[in-house]
Protein chains: 4
Amino acid sequence: MNEDLMPVKTILDHGYLKLVETWGSDQRIVESARMSTGKGFLGWGVEETCEGCDGSGTGTKMRGHGPGSLCPRCQGRKRAINRPGDEKLLKYLYDNKHATPFEVAGATFEIMAPIFVFREWHRHRTQSYNEQSARYEPLPDLNYVPSVERLLLNSKTNKQAGTIKGAAELTEPGARDFQDAIVSLYASAEGVYQQALKEGVPKELARLVLPVGRYSRMRASANLRNWLAFLTLRDDPHAQWEIRQYAATLREMLTGSFPRTMAIFGDGRP
Amino acid sequence: MNEDLMPVKTILDHGYLKLVETWGSDQRIVESARMSTGKGFLGWGVEETCEGCDGSGTGTKMRGHGPGSLCPRCQGRKRAINRPGDEKLLKYLYDNKHATPFEVAGATFEIMAPIFVFREWHRHRTQSYNEQSARYEPLPDLNYVPSVERLLLNSKTNKQAGTIKGAAELTEPGARDFQDAIVSLYASAEGVYQQALKEGVPKELARLVLPVGRYSRMRASANLRNWLAFLTLRDDPHAQWEIRQYAATLREMLTGSFPRTMAIFGDGRP
Amino acid sequence: MNEDLMPVKTILDHGYLKLVETWGSDQRIVESARMSTGKGFLGWGVEETCEGCDGSGTGTKMRGHGPGSLCPRCQGRKRAINRPGDEKLLKYLYDNKHATPFEVAGATFEIMAPIFVFREWHRHRTQSYNEQSARYEPLPDLNYVPSVERLLLNSKTNKQAGTIKGAAELTEPGARDFQDAIVSLYASAEGVYQQALKEGVPKELARLVLPVGRYSRMRASANLRNWLAFLTLRDDPHAQWEIRQYAATLREMLTGSFPRTMAIFGDGRP
Amino acid sequence: MNEDLMPVKTILDHGYLKLVETWGSDQRIVESARMSTGKGFLGWGVEETCEGCDGSGTGTKMRGHGPGSLCPRCQGRKRAINRPGDEKLLKYLYDNKHATPFEVAGATFEIMAPIFVFREWHRHRTQSYNEQSARYEPLPDLNYVPSVERLLLNSKTNKQAGTIKGAAELTEPGARDFQDAIVSLYASAEGVYQQALKEGVPKELARLVLPVGRYSRMRASANLRNWLAFLTLRDDPHAQWEIRQYAATLREMLTGSFPRTMAIFGDGRP
């Protein structure tokens with residue numbers, strides 16, 4: 001697919017998530033799981049009304065019957081009934097942690113995000129990464145400044161998302177002060193960086209002053225099993241709010257290609 | 001893709017290799033590698049003759065110029081010159097073991113092969129497997145009988161492919177005797193298997209008598225980096241002849257989707 | 001450790017499980033988890049006698065009370081109470097799937113088991129395997145014959161462990177007949193195998209007739225996180241009875257080196 | 001092992017590498033490889049006395065000489081010679097990329113290093129990591145300041161280690177200026193950080209200003225195969241000088257536990 005046609009969504013102040021490519025499908029997952037019995041993919045459920053019995057027979061399950069078969073209730077020729085279909089198997093696989101079949105599907109994303117987000121992201125060791133390198137090229141001067149609303153999201157219950165002991169209660173003016181302070185620090189860091197580059201400090205050392213709020217860019221590729229594992233941890237209230245914005249968008253983007261799997265995954269999640 | 005349209009090739013007496021799906025491309029690999037510098041994919045080289053200057057300008061490199069641009073030498077409208085292109089980067093990546101970019105492409109195959117072949121195959125721990133299960137359904141009575149020619153391929157140099165110490169030299173009649181002996185043994189095993197199943201021996205125990213020459217079936221999915229690692233070991237003279245037949249076909253099938261990568265991989269290989 | 005001193009236990013008729021080595025410990029797991037806060041290992045809980053109530057309050061577990069607190073029973077000042085106890089953190093890690101710290105411990109086993117057991121085992125792709133190779137040396141003539149009791153364990157509820165549709169009910173004499181049949185089939189296979197080896201059939205082909213009930217031998221090494229994943233699937237009523245015998249013993253052997261982790265893992269398991 | 005007894009070595013201005021634990025051994029690697037033939041560990045080469053020269057030639061190492069060869073010192077026929085020694089197998093395994101046996105040994109390290117070093121380190125996806133978290137506890141104010149000598153190590157041949165195009169030639173005073181500039185930037189960042197923490201900015205956001213030159217701490221655990229892969233990339237002239245200091249020390253520390261493997265690994269390396 002041409003890069004211009006890839007779905008993309010802006011995240012935070014300068015970041016984005018772009019869906020480069022997906023492979024496999026809900027059907028492929030079922031096909032792989034059915035290797036064990038040799039039965040193959042049988043079909044998704046289709047809701048249809050039986051015209052032969054005026055719809056009164058719609059309660060009857062007609063599993064495995066093709067659209068041309070007779071209505072099992074009225075035996076009429078024109079019928080069409082709800083078959084539960086292979087969604088059931090898909091759900092069974094997921095619920096019972098038969099995870100291998102979900103490895104035959106997958107997706108590649110391009111992500112622009114602050115370094116501290118990538119630091120969390122890279123702990124997922126089952127993805128394939130290629131990231132911008134400040135050893136090759138200086139990083140562009142893009143830095144994350146959290147909004148006031150975000151800064152005020154101070155969790156009382158999630159220890160990791162909280163403040164230090166004895167801290168003051170953050171106020172709106174305090175949040176604005178912090179914004180000013182980091183904008184100014186980002187500018188100082190950029191100043192030192194550019195000056196150092198010009199004076200002949202190797203790029204790999206000039207970068208030492210760059211804050212973890214600076215943006216970087218990468219492609220990440222993984223199979224669906226591992227994207228679901230990523231979402232389980234990162235599209236979750238315990239995850240840092242910033243990475244969660246990426247995870248939530250990623251989950252949405254996967255839904256386009258794997259609607260049935262993502263619906264099952266979503267059941268009962270926050 | 002519909003199963004009927006998947007490329008498939010017969011291997012050994014009852015086996016096959018079917019290409020279910022590939023993802024990524026030579027271009028995607030280059031795009032991923034270029035994340036480090038931010039330059040993206042620049043284009044493949046195209047060999048063309050510049051008609052505008054009667055070919056005398058062909059020595060000039062025209063990197064990055066599309067097929068519609070002017071000849072840089074004569075500025076004529078009809079031109080076309082050999083650009084080295086991103087094949088060079090692809091080769092550099094491969095030769096220098098920058099392997100991560102090759103993880104953004106991949107392929108899924110369906111394989112029917114004897115159990116002893118799967119035993120070797122499953123040692124590759126970076127593939128995703130879903131195999132037929134004799135605990136679910138009895139295995140069909142298909143068994144591998146090596147041809148006489150194959151039987152006579154007795155390696156003197158490869159210890160693993162050789163005979164025991166002090167063995168006789170296998171003759172053509174000896175090879176035929178062995179064929180008869182295993183056909184007969186396969187039949188006995190199938191007899192015991194069917195009898196046991198009928199009498200109520202659990203499927204998972206009745207299978208104990210099945211020889212490793214019996215066929216099974218699976219799907220295997222992996223990224224291109226790992227398929228290349230598989231080929232390095234299995235499309236090799238040290239590999240057992242049988243798995244090598246699968247590997248050679250697999251390599252050929254990958255060439256359709258990743259022609260440039262597979263050409264580089266093939267260079268200098270047996 | 002000298003091989004003679006390694007703990008070993010016989011399994012099935014000719015198999016065994018030998019504990020080659022473990023590394024890490026319950027304490028190492030806690031130490032690794034505490035990297036996040038920098039606090040290190042604090043110590044396991046110790047039950048001590050309360051001096052304030054002359055020991056009569058010792059029945060009360062005082063876990064989680066710091067060294068300066070009062071005795072919860074007598075409220076006396078002179079007490080000796082539990083140190084906080086890092087068992088709590090260990091349990092928290094396990095219950096909340098913070099699995100990485102469990103990767104710093106591990107174990108290596110040597111296993112002799114029938115090929116069909118190894119076929120299931122090798123699906124665990126996070127272990128390191130080195131197995132006997134019938135390409136190098138002929139496999140010794142050891143084959144698994146299930147006991148009559150085992151053969152009669154026909155599950156009505158677990159589809160995978162059951163019989164084919166329409167099978168007779170297995171009787172004790174039927175089970176004995178099956179034993180006779182496979183003993184005889186094993187002997188035939190061995191006959192063909194030896195004859196083929198002598199006549200110069202390459203070892204890698206002579207082995208085709210060997211049934212999956214034949215024994216092989218390997219070493220398997222993995223970290224504790226992955227051994228627990230193995231046990232979750234294989235020391236479970238859904239697993240085939242044979243591999244479960246290995247898993248149950250393996251679990252027991254791990255308990256010696258990781259008593260606290262294995263106790264937590266065992267809670268609530270069958 | 002008690003933490004106080006673990007070997008530790010200082011690296012850079014505030015970093016260190018501590019060897020927490022190793023498992024397996026050169027012998028275990030051989031044992032695992034020998035699973036294929038069932039022969040087990042045969043023993044390392046043993047130096048024996050040459051009878052031909054009355055023992056006076058014993059200073060000569062006769063490693064690798066077969067039992068029928070002459071004494072290399074006195075050329076006498078009566079010599080007592082080395083057993084072939086399993087060093088040979090170990091070398092064969094390594095040279096021919098039979099890598100699985102090297103997975104039964106391994107090591108855990110504790111590392112204190114700047115964040116940009118960890119960013120490179122974490123790309124190795126086969127290690128197990130547990131790192132200090134700035135979401136839990138504020139990071140201590142330790143930051144990496146490269147020495148003047150290090151700053152002047154500007155590679156002309158390695159693009160990644162070089163300067164931007166058109167940069168001036170770095171001079172010693174220029175290097176000192178850069179040191180001053182980053183020390184000052186580090187102090188500003190720490191100022192903003194502490195102020196933000198006090199005013200109630202959540203720890204996970206206050207950290208945004210921390211530069212990648214700040215130190216963090218982690219434990220990393222991997223098997224020997226994967227440590228060798230790490231060293232191949234990081235104890236190499238193409239690696240950034242800083243991570244190479246860690247890699248070189250790590251290699252040295254592994255030598256204590258795996259002297260034969262590390263000697264083979266070191267042959268022909270820079």
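**A helix across the sheet**

In chain A, helix α7 (residues 224-234) lies across strands β3 and β5 (215-223), and its direction makes an angle of about 130° with β5(A). The model is a predicted one.

**Make-up of chain A**

- Chain A contains nine helices and five strands.
- Read from the N terminus, the elements of chain A follow the order β-β-α-α-β-α-β-α-α-α-β-α-α-α.
- Of the 270 residues in chain A, 45% are buried.
- Among the contacts in chain A between residues at least 6 apart in sequence, 70% link residues at least 24 apart.

**The sheet of chain A**

- In chain A, five strands make up an open sheet with the order β1-β2-β3-β5-β4, and their pairing is antiparallel.
- The edges of the sheet are held by β1 (8-11) and β4 (128-131) of chain A; each has a single partner strand, so one side of each lacks a neighbour in the sheet.
- On average, neighbouring strands of this sheet are turned by 20° against each other, direction ignored.
- In general, the strands of a sheet pair through backbone hydrogen bonds, in either a parallel or an antiparallel manner.
- Strand β2 (residues 15-23) of chain A pairs with strand β3 (residues 106-114) of chain A in the antiparallel sense, over seven bridges.
- Which residue of β3(A) is the bridge partner of L19(A)? The partner is F109(A).

**Where chain B touches chain C**

- In this pair of chains, 49 residues of chain B are in contact with 49 residues of chain C.
- On the side of chain B that touches chain C, the elements giving two or more residues are α3 (115-121), α5 (172-198) and α6 (203-206) of chain B.
- Helix α5(B) gives the largest share of that side, with 12 residues.
- By class, the side of chain B that touches chain C comprises 29 nonpolar, 11 polar and nine charged residues.

Definitions and conventions:
Residues are numbered from 1 along each chain as its sequence is written. Chains are lettered from A and ligands numbered from 1 in the order in which they are written. This is a predicted model: local features need pLDDT of at least 70, side-chain atom pairs count only at pLDDT 80 or more; totals for chains, interfaces and linings use all residues. Two strands pair if DSSP finds at least two bridges between them. Helices (H or I, at least four residues) and strands (E, at least two) are DSSP runs, numbered from the N terminus. Axes are lines fitted to C-alpha atoms, for helices over the stretch in contact, and angles run from 0 to 180 degrees between N-to-C directions. Two residues are in contact if their C-beta atoms, placed from the backbone, lie within 7 Å. Ala, Val, Leu, Ile, Met, Phe, Trp, Tyr, Cys and Pro count as nonpolar, Asp, Glu, Lys and Arg as charged, and the others, Gly among them, as polar. A residue is buried if 20 or more other C-beta atoms lie within 10 Å of its own, exposed if 12 or fewer, and partly exposed in between; C-beta atoms are placed from the backbone.
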